[in-house]
Amino acid sequence: FGALEMSASLPFWLLWVTTPILMASQARIAAPASLRLSKALKPGYEVLRCVAGDDAAAAARRQVLILPGNPGIPGYYEDFATALAKRLSADGGVTVTALGLLGHCADAKSDPTTFRVFGLDEQIEHATEQLGELEKAAPRDARIAVLGHSIGANIGLKAVHALDWPQKVKAVGLLTPFLQNNDDNPDFASKKRLATMGFAWRLLAFLGFLVQLLPLFLRRILFHGTVKDMDTKARELTLTAMLRRRSLGNYVFMGKTEFESPLLRHGPGDLLETLSPERCRRIFGLYTQKDIWAPLSWC
């Protein structure tokens with residue numbers, strides 16, 4: 001990891017927010033006295049929630065909202081959310097919620113009744129609405145951290161800004177954030193050309209439907225190179241949920257709108273320049289080496 005920018009004025013418990021990413025391979029995380037994991041199926045999206053600790057009042061006051069990258073199926077973040085809740089529970093109860101993106105569903109019951117794809121602007125509206133509901137329902141003395149990964153960092157930053165930076169939101173974490181196009185990188189540029197082809201998302205959605213008809217063992221062989229470095233949970237999600245027409249169609253269509261969005265062409269500079277020093281101090285970022293979506297030079 002090349003750099004981690006974090007304001008010293010942030011509450012101490014936020015120092016643990018990125019620890020599971022940095023230390024997962026080195027440390028064993030002790031289970032708290034109570035850890036409850038639940039998954040909610042909503043019309044068109046899914047929510048994964050992990051509540052740690054026996055103090056329900058504390059769990060309501062200390063909350064983390066995870067906004068995923070693309071694909072935005074919360075199941076990809078289950079291990080991260082659980083590890084994060086375990087670490088933060090050392091200071092008392094905490095609730096960690098992973099909010100799924102619209103149309104990115106692991107369970108067919110969450111699918112809308114008709115096929116529909118959602119772009120980046122609609123995902124920002126979705127996150128803004130859900131964050132607003134969370135903030136209103138939280139106690140007056142609640143401390144909320146918004147953690148966005150990849151394009152989820154962009155979504156989270158825009159959602160908090162749309163709500164005029166509620167006082168309960170104490171931190172906005174940008175984890176390997178996709179904040180603007182990196183057209184100077186050849187690998188990035190080739191992915192952008194492919195994703196912005198008008199027919200690509202429809203074609204891939206149809207191909208995904210055909211591949212899903214294959215037995216699972218054949219899918220494992222066909223996508224071995226793609227999934228070989230994934231953990232078991234992520235591998236199974238990729239070979240099942242991600243190949244469903246709605247999930248794959250939304251994954252590709254959202255990627256298309258990401259690359260085409262003016263927000264990503266110009267970057268976050270205009271937004272950040274308008275923020276007060278107090279609001280800027282709530283933002284921290286984590287960047288890694290050799291990341292084409294979030295180059296270390298942008299840290």
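A residue counts as buried when its relative accessible area is under 20%. With a value of 0%, phenylalanine 188 is therefore buried. Keep that cut-off in mind as we walk through this structure, which is a predicted model.

Let's stay with phenylalanine 188 for a moment. The structure holds six aromatic pairs, and one of them joins phenylalanine 178 to phenylalanine 188 in an edge-to-face arrangement, with 5.9 Å from centre to centre and 75 degrees between the planes. This pair links distant parts of the chain, ten residues apart: phenylalanine 188 sits in helix H6, while phenylalanine 178 lies in the loop between strand E7 (169–175) and H6. Phenylalanine 178 has a relative accessible area of 1%, so this residue is buried as well. Both rings belong to one aromatic cluster, together with Phe259 and Trp293.

Now let's move to the surface. Here a nonpolar patch brings together Leu194, Met197, Phe199, Leu203, Leu204, Phe206, Leu207, Phe209, Leu210 and Leu213, with about 940 Å² of accessible area together. The most is given by helix H7 (residues 200–212), which supplies six residues. Methionine 197, another patch member, is found in the loop between helix H6 (186–195) and H7. Its relative accessibility is 38%, so methionine 197 counts as partly exposed.

Our last stop is helix H4 (residues 120–137), where you will find glutamine 130. Is this residue buried or exposed? Glutamine 130 is buried, because its relative accessible area is 17%. Leaving aside residues up to four places away in sequence, glutamine 130 touches Tyr45 and Leu99.

How values were computed:
Residues are numbered from 1 along each chain as its sequence is written. This is a predicted model: local features need pLDDT of at least 70, side-chain atom pairs count only at pLDDT 80 or more; totals for chains, interfaces and linings use all residues. Side-chain values use heavy atoms; hydrogens and water are left out. Patches are made of residues with over 30% relative accessible area and no salt bridge: like charges are joined within 9 Å, nonpolar side chains (Val, Leu, Ile, Met, Phe, Trp, Tyr) within 5 Å. Accessible areas come from the Shrake-Rupley method with a 1.4 Å probe; for residues, only the protein chains shown count as cover. A salt bridge is a side-chain nitrogen of Lys or Arg within 4 Å of a carboxyl oxygen of Asp or Glu. Helices (H or I, at least four residues) and strands (E, at least two) are DSSP runs, numbered from the N terminus. Buried means under 20% relative accessible area, exposed over 50%, partly exposed in between (1.4 Å probe, protein chains only). Contact means heavy atoms within 4.5 Å. Rings of Phe, Tyr and Trp (its six-membered ring) pair if their centres lie within 6.5 Å; planes under 30 degrees apart count as stacked, over 60 as edge-to-face and the rest as tilted.
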